[in-house]
Amino acid sequence: MVQVCLNGSRGAVDGATVPLTPQAMADSAAEAVAAGATDIHVHPKTPCGRDTLSPRFVADTVRALRARVAVPVGVTTGAWAEPDPAARLERIRDWTVLPDHASVNWHEPGAEEIAAALIGLGVGVEAGIWSGTDGAARFAVSPLRSKVLRVLAEVTDTSPDTAENTARILLTDLGHALPRRPVLLHGEDGGAWPVLRLAGRLGLATRIGLEDTLLLPDGERALSNTQLVAGALSQYGSAQRRS
């Protein structure tokens, strides 16, 4: 599985290639799926380009994507979109159009309540476990750990020289916490491609997109999510053949 992460918290300052409107996200998603992406992760945006959990904008985004693609669509529930845990939970409970899945960062305040609410709504939960946080330790004792859709192992080390080792440490930390749930391993910025190749060697699901990196494997600027997905499939396949 190669998930495409369309935009993340990036905005207009990151360039015109980052899709910020529902229509642009839908267009980008359709092209990425045609290139081989099998799942979508997106950050709904306000008209001014900020991440939001607003029921209105989540609905507009999910509807636009589903009109163009037939693969699962997931959204963020990151605390930066709504810092107050109670307000974040209220927003999610008010969603009128539900995504197929949503990421919940386990180190953030209110993660257990957010995840439980999503599961109660029938939305799959990607348990976001970030390197450099206590997310793995919290997840290890969570009563929800066997109920999540998958674990999203997020390597926040952006150094191309050390990200792979950081990823291995994170996977080791997760080892005793995983009740046979699928793992999606990915990195970001300078660590995106080394971690993706590691995922290929280990046979794990992964993701790529303008949220995680603006650069292709050769260091050139990516012109679209489609280019990144095509590069990911090539890099992943090569890594598998070498393993």
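Which residue forms a salt bridge with D39, and how far apart are the closest N and O atoms? R150 is the partner, and the closest N and O atoms are 3.4 Å apart. The views below set this pair in its surroundings.

This is a predicted model, in which local features need pLDDT of at least 70, side-chain atom pairs count only at pLDDT 80 or more, and totals for chains, interfaces and linings use all residues. Residues are numbered from 1 along each chain as its sequence is written, and side-chain values use heavy atoms, with hydrogens and water left out.

**Figure 1. Overall view of the chain.**
The chain has eight helices and eight strands; helices (H or I, at least four residues) and strands (E, at least two) are DSSP runs, numbered from the N terminus. With a radius of gyration of 17 Å, close to the 18 Å that the globule rule gives for 243 residues, the chain is as compact as a globular protein of that length. The radius is taken over C-alpha atoms, and the globule rule is 2.2 Å times the number of residues to the power 0.38. Along the principal axes, the C-alpha atoms fill a box of roughly 45 × 40 × 30 Å. Of the 243 residues, 55% count as buried; buried means under 20% relative accessible area, exposed over 50%, and partly exposed in between (1.4 Å probe, protein chains only). Among contacts (heavy atoms within 4.5 Å) with a separation of 6 or more, 67% come from residues 24 or more positions apart.

R150 lies in strand 6 (residues 150–154) and D39 in strand 2, so the pair ties together parts that are 111 residues apart in sequence. A salt bridge is a side-chain nitrogen of Lys or Arg within 4 Å of a carboxyl oxygen of Asp or Glu. R150 counts as buried because its relative accessibility is 8%, and D39 is likewise buried, with a relative accessible area of 3%. The structure holds 11 salt bridges.

**Figure 2. Salt bridge between R207 and E211.**
The closest N and O atoms of R207 and E211 are 3.1 Å apart. R207 is buried at a relative accessible area of 3%, and E211 is buried at 18%. Elsewhere, salt bridges that share partners join D39, E126 and R150 into one network.

**Figure 3. Helix 1 and its cover.**
Helix 1 (residues 22–35) has 14 residues and reaches 20 Å from its first C-alpha to its last, close to the 20 Å expected at 1.5 Å a residue. The expected span is 1.5 Å times one less than the number of residues in the helix. M25, A26, S28, A29, A30 and A32 are buried in this helix. The elements covering the buried residues include strand 1 (2–5), strand 2 (39–42), helix 2 (55–66) and helix 8 (225–242). Just after helix 1, G36 takes a positive phi of about 130°.

**Figure 4. Salt bridge between D27 and R68.**
D27 forms a salt bridge with R68, with the closest N and O atoms 2.4 Å apart. The pair links distant parts of the chain, 41 residues apart: D27 is in helix 1, and R68 is in the loop between helix 2 and strand 3 (73–76). D27 counts as partly exposed at 28% relative accessibility, and R68 counts as partly exposed at 42%.

**Figure 5. The largest nonpolar core and I40.**
A nonpolar core is a set of buried Ala, Val, Leu, Ile, Met, Phe, Trp, Tyr and Cys residues joined through side-chain atoms within 4.5 Å. The largest has 69 residues, of which I40, L65, W106, L118, I129 and L185 touch the most other members. Helix 7 gives the most to this core, with six residues. Not counting residues up to four places away in sequence, I40 touches residues including V4, A29, L65, V71 and H101.

**Figure 6. Surroundings of T213.**
T213 is found in the loop between strand 8 (206–208) and helix 8. At 3% relative accessibility, T213 counts as buried. The side chain of T213 reaches the backbone nitrogen of L215 at 3.1 Å. Neighbours within four places in sequence aside, T213 is in contact with R10, D189, A192, W193, I208 and L228.

**Figure 7. L202 in helix 7.**
L202 belongs to helix 7 (residues 192–202). L202 is partly exposed, with a relative accessible area of 41%. Although L202 and A239 are 37 residues apart in sequence, their C-alpha atoms are 8.9 Å apart in space.

Technical notes
A polar contact is a pair of N or O atoms within 3.5 Å; within protein, one must be able to donate a hydrogen and the other to accept it, and residues adjacent in sequence count only if both atoms are side-chain atoms.
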